[in-house]
Amino acid sequence: MKSGTWFFMLGILLAAAALNADAQPGADANAALSDDSKACLECHSGLNPGLVGDWKRSRHAVVSPGEALRKSLSERRISNENIPASLKSVAVGCAECHTMNADKHKDSFDHNGYRIHTVVSPTDCAACHPVEADQYGRNLMSHAYGNLQNNMVYRDLMNKVNGTEFFAGKRTDHVPPRAEDDADSCLYCHGTEVQAGDVRKRDTSMGEMEFPVLSGWPNQGVGRINPDGSKGACTACHARHQFSIELARNPHTCSECHKGPDVPAFSVYEVSKHGNIFSSAGKTWNLSSVPWKVGRDFTAPTCAACHVSLLTDAGAGGVIAERTHQMNDRLAWRLMGLVYAHPHPKSPDTSLIRNKAGLPLATELTGEPALDFLIDSVEQDKRKKTLQKVCLSCHTDQWVQGHFNRFERTITMTNAMTLTATRILQTAWEKGYAKGLVQQDSIFNEAIEKKWVEQWLFYGNSTRFSSAMAGADYGVFANGRWQMHRNIQEMLDWLDIRQSAAKKGKK
């Protein structure tokens, strides 16, 4: 042991002794720590006090899975009724998660007498939460990495966004992005592929130790490919190491990936009446109650209320909406228009989709949906009614129907505005003023093509989200209807200039 380290170790032991001093799970805070997790904390309480402090405030730290199973079905936060004996009577600590399924993890390594892995995956969480893990696996989010990387159209757009341009005389040279560029951009939210490389020695405050070198790390994207082969990261919503249901229900959690103009859900929520109520009264709400009682625990929806949580009424406790981690269970339409809003895909693996032109898009460039790959009108109606039931817990039928009528009109209008922009672009391709698919060129690298992308990715999306979430102001002048009209005019002006120049060149 290095000189003076005994002072350090004394601090660690004192910290471990006070382990559960500030946990806040309620009256059932009585779970014992396993000897393996105690061993982890002897070092990491001093090495990573922030990490341990977070965990100490979690339910995992003080409630055993066995204790959790004593709750009624509606109050449970776990879904496995057959918890392994080794987990049932102890708190969910470091060892319970980081040694789980060690043989399946390619990032597992020997560490102070234990076989551990750095990346905890949904498969590990499924020991207690199998229903949630299964639902999440059927969710578009869990396939977000492959849906981006395995789609040649999206991958081309990603290259144009993340690559580097160098000026070379009268033109620019485009250099494709490196892995670090993608990881710090699109894959921050979509997820990276985390791979374990060679084990290397590293000097630490506890002496020299060996660790595997991880590529694609750090990352907690929703579609992360984990070293055990599983997809997703529960920590995208239930942040480490509290894994709090309260945090997952807070709209600010969703804002991490749903704030930009391409997916402006949080930006719209902030200016909506629901967001106004949350910002004013949300501090008084109970965001951790299970089940979540409408009108008692909260008085306006957050993202989770509409898309995920088990909701009951405050009176007889009747179920309004079942809990789901398949986030589109209550959604009839996919609003993140690529290129047009359309019914949700049947499979979460959207890289399987092919339109009639052979492109991996859910619609033709002219808007017709690739129906073989999308849910039908019966399923759309079912999902719409499920979501409307949530709305009806606060609003009358006339209010809800009026809202949805406006929203579906907005889908029709924004798709029509995108089609107008597409027609202008197609004319530019046909007349040779820009290079497109026929010339086997990128459709994202010329000025008129970039404006076409803005039409649907920014302005169309913003207008639809604003309508769907009752935040209409954002979708008018902030980033919506006005911009769609202006953009069409600028595309048309670009085309007129090119046509005029071509006519002059022929004289």
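Helices and strands are DSSP runs numbered from the N terminus, a helix having at least four residues and a strand at least two. The views below show a predicted model.

View A. P218 belongs to the loop that runs between strand 6 (207-215) and helix 13 (245-249). The peptide bond joining W217 to P218 is cis, and its omega angle is about 5°.

**View B. The cis peptide bond between R240 and H241.** The loop between strand 6 and helix 13 also holds H241. R240 and H241 are joined by a peptide bond in the cis form, for which omega is about -5°.

View C. S58 is placed in the loop connecting helix 3 (49-56) with helix 4 (65-68). The residue counts as buried because its relative accessibility is 2%, where the cut-off for burial is under 20%. A polar atom of the S58 side chain lies 2.6 Å from the backbone oxygen of W55.

**View D. The pairing of strand 5 with strand 6.** Strand 5 (residues 195-204) and strand 6 run antiparallel to each other and pair over eight bridges. A hairpin of two residues links strand 5 to strand 6. Among the bridges, T204 has G207 of strand 6 as its partner.

**View E. N112, a residue with positive phi.** N112 is located in the loop between strand 1 (109-111) and strand 2 (114-116). The phi angle of N112 is near 50°, which is a positive value in a residue other than glycine.

View F. The loop between helix 20 (447-468) and helix 21 (481-506) contains A470. Phi is near 55° at A470, again a positive value in a residue that is not glycine. With a relative accessible area of 43%, A470 is classed as partly exposed, since this class covers values between the 20% limit for buried residues and the 50% limit for exposed ones.

Note on methods
Residues numbered from 1 in each chain as written. Predicted model: local features only at pLDDT ≥ 70, side-chain atom pairs only at ≥ 80, totals over all residues. Heavy atoms only, no water. Buried < 20%, exposed > 50% of the residue type's maximum accessible area, 1.4 Å probe, protein only. Polar contact = N/O pair within 3.5 Å; in protein donor to acceptor, adjacent residues only side chain to side chain. Pairing = 2+ DSSP bridges.
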